[in-house]
Amino acid sequence: MCDFTNLIIDAESGLEVPTCKSCEAGKYAGTVGSLNCTDCEAGKYSGEQEATCYFCKSGQVPNSDHTDCENCPVGKYSMIEDINCTECNAAAGLVGVEVGT
């Protein structure tokens, strides 16, 4: 995110430029020069200094602060874009035997 009210002189170009800071993990800057960082949407995560948020891979869901992905526990699964792990249908013979499956 960039603060256009607090300009500094760039040492290389000599031009006035805004002071910019990276977004913290779990947030992203939607556009170059964005004034604010935006929280990742449900089902997505981001690390620090990200320009976008990402979906977790199958078998994982974002942690509560959207900074990383967590594996689903044994007996639960998730698909890409899921926000929660879902119980396997044991009655149908569908049981996850490894974490994140």
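User: Hi! Before we start, what counts as a disulfide here?
Analyst: Hello! A disulfide is a pair of cysteine sulfur atoms within 2.5 Å. In general, a disulfide is a covalent bond between the sulfur atoms of two cysteines.

User: And what kind of model is this?
Analyst: This is a predicted model, where local features need pLDDT of at least 70 and side-chain atom pairs count only at pLDDT 80 or more, while totals for chains, interfaces and linings use all residues. Residues are numbered from 1 along each chain as its sequence is written, and side-chain values use heavy atoms, with hydrogens and water left out.

User: Got it. How many disulfides are there?
Analyst: The count comes to 4 disulfides. One of them pairs Cys23 with Cys37, with the sulfur atoms 2.1 Å apart.

User: Which parts of the chain does the pair of Cys23 and Cys37 tie together?
Analyst: Cys23 lies in the loop between β2 (16-20) and β3 (27-28), and Cys37 in the loop between β3 and β4 (38-39), so the pair ties together parts 14 residues apart in sequence. Strands here are DSSP runs (E, at least two residues), numbered from the N terminus.

User: Which way is the link of Cys23 and Cys37 handed?
Analyst: The link is left-handed, with -90 degrees about the S-S bond.

User: Is Cys23 buried or exposed? And how about Cys37?
Analyst: Cys23 counts as buried, at 4% relative accessibility, whereas Cys37 is partly exposed, with a relative accessible area of 21%. Buried means under 20% relative accessible area, exposed over 50%, and partly exposed in between (1.4 Å probe, protein chains only).

User: Nice. Which cysteine does Cys40 join?
Analyst: Cys40 is joined to Cys53 by a disulfide, S to S 2.0 Å. Cys40 sits in the loop between β4 and β5 (44-45) and Cys53 in the loop between β5 and β6 (54-55), so this pair ties together parts that are 13 residues apart in sequence. Both Cys40 and Cys53 are buried, and their link is left-handed, at -80 degrees about the S-S bond.

User: What about Cys56 and Cys69?
Analyst: Cys56 and Cys69 form a disulfide with sulfur atoms 2.0 Å apart. Cys56 is in the loop between β6 and β7 (60-62) and Cys69 is in strand β8 (residues 69-71), so the pair links distant parts of the chain, 13 residues apart. Cys56 and Cys69 are buried too, and -95 degrees about the S-S bond makes their link left-handed.

User: Switching topic: why is Cys88 too far from Cys72 for a bond?
Analyst: The closest cysteine sulfur to that of Cys88 is in Cys72, and because it is 8.7 Å away, it is too far for a bond. Cys88 counts as buried, at 16% relative accessibility.

Terms used:
Helix = DSSP H or I, 4+ residues; strand = E, 2+ residues; numbered from the N terminus.
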